[in-house]
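This report describes the fold of one protein chain, from its overall composition to the surroundings of single residues. Please consult the sequence and the structure shown here alongside the text.

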Amino acid sequence: MLKKGGSQLRRTVGVSMFLHITDAKHLEGYKVEVAFNNGKRGIADLSEALHGPVFEPLKNQEIFSSFVVDKELETLVWPNGADLAPEYIFFQAFKNDTELQEQFRKFGYIR
């Protein structure tokens, strides 16, 4: 069954849906507690993502902690325009979960 949500179609029965972040809270350092639209909550260490010109300023923890959950993009965004894919944040939060390894392969985060 497909439900129309915004401009995207979402699969809701027996197939994984598009991941979106519904809530997030800075904990410490580069760790963020995140909640996803699939009901999972976890802690993502985003320190590995802080490379390249747009992410370099986020190494300053005061700037890093200034993220918000953008209601349109449904992911974390920072005042300088940086954002991360919800799938990447999900991977960082649950990369050691053996039940999710196939999904992470599909995302391209592991081989």
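## Terms and basis

Two strands are taken to pair if DSSP finds at least two bridges between them. Helices (H or I, at least four residues) and strands (E, at least two) are DSSP runs, numbered from the N terminus. The model is a predicted one, in which local features need pLDDT of at least 70 and side-chain atom pairs count only at pLDDT 80 or more, while totals for chains, interfaces and linings use all residues. Residues are numbered from 1 along each chain as its sequence is written, and side-chain values use heavy atoms, with hydrogens and water left out.

## Overall composition

The protein contains three helices and seven strands, and from the N terminus on its elements follow the order β-β-β-β-β-α-β-β-α-α. Of its 111 residues, 34% count as buried (under 20% relative accessible area; exposed is over 50%, and partly exposed lies in between, with a 1.4 Å probe and protein chains only).

Among contacts (heavy atoms within 4.5 Å) with a separation of 6 or more, 39% are between residues 24 or more positions apart. The protein exposes about 7,000 Å², of which carbon and sulfur atoms supply 50%; accessible areas come from the Shrake-Rupley method with a 1.4 Å probe, and for residues only the protein chains shown count as cover.

## The three-stranded sheet

Three strands form an open sheet in the order β3-β4-β5, with antiparallel pairing. Its edge strands are β3 and β5, each of which pairs on one side only. From one strand to the next, the twist averages 25° (axes are lines fitted to C-alpha atoms, for helices over the stretch in contact, and angles run from 0 to 180 degrees between N-to-C directions).

Strand β3 (residues 21–28) pairs with β4 (residues 31–36) over six bridges in the antiparallel sense. Lys25 has Glu33 in β4 as its bridge partner, and Glu28 stands opposite Lys31 in β4. The hairpin of β3 and β4 has two residues between the strands, and Gly29 there takes a positive phi near 50°. Four residues lie between β4 and β5 in their hairpin, where Gly39 in the turn has a positive phi of about 90°.

## Helix α2 against the sheet

Helix α2 lies across β3, β4 and β5, running at about 95° to β5. Eight of the nine residues of α2 (residues 86–94) are buried, so the helix is largely enclosed by the rest of the structure. These buried residues are Pro86, Tyr88, Ile89, Phe90, Phe91, Gln92, Ala93 and Phe94. They pack against β3, β4, β5 (41–45), β7 (75–77) and α3.

## Gln101 in helix α3

Helix α3 (residues 101–107) includes Gln101. Is this residue buried or exposed? Gln101 counts as buried because its relative accessibility is 18%. With its neighbours within four places in sequence left aside, Gln101 is in contact with Lys95, Asn96 and Ile110.
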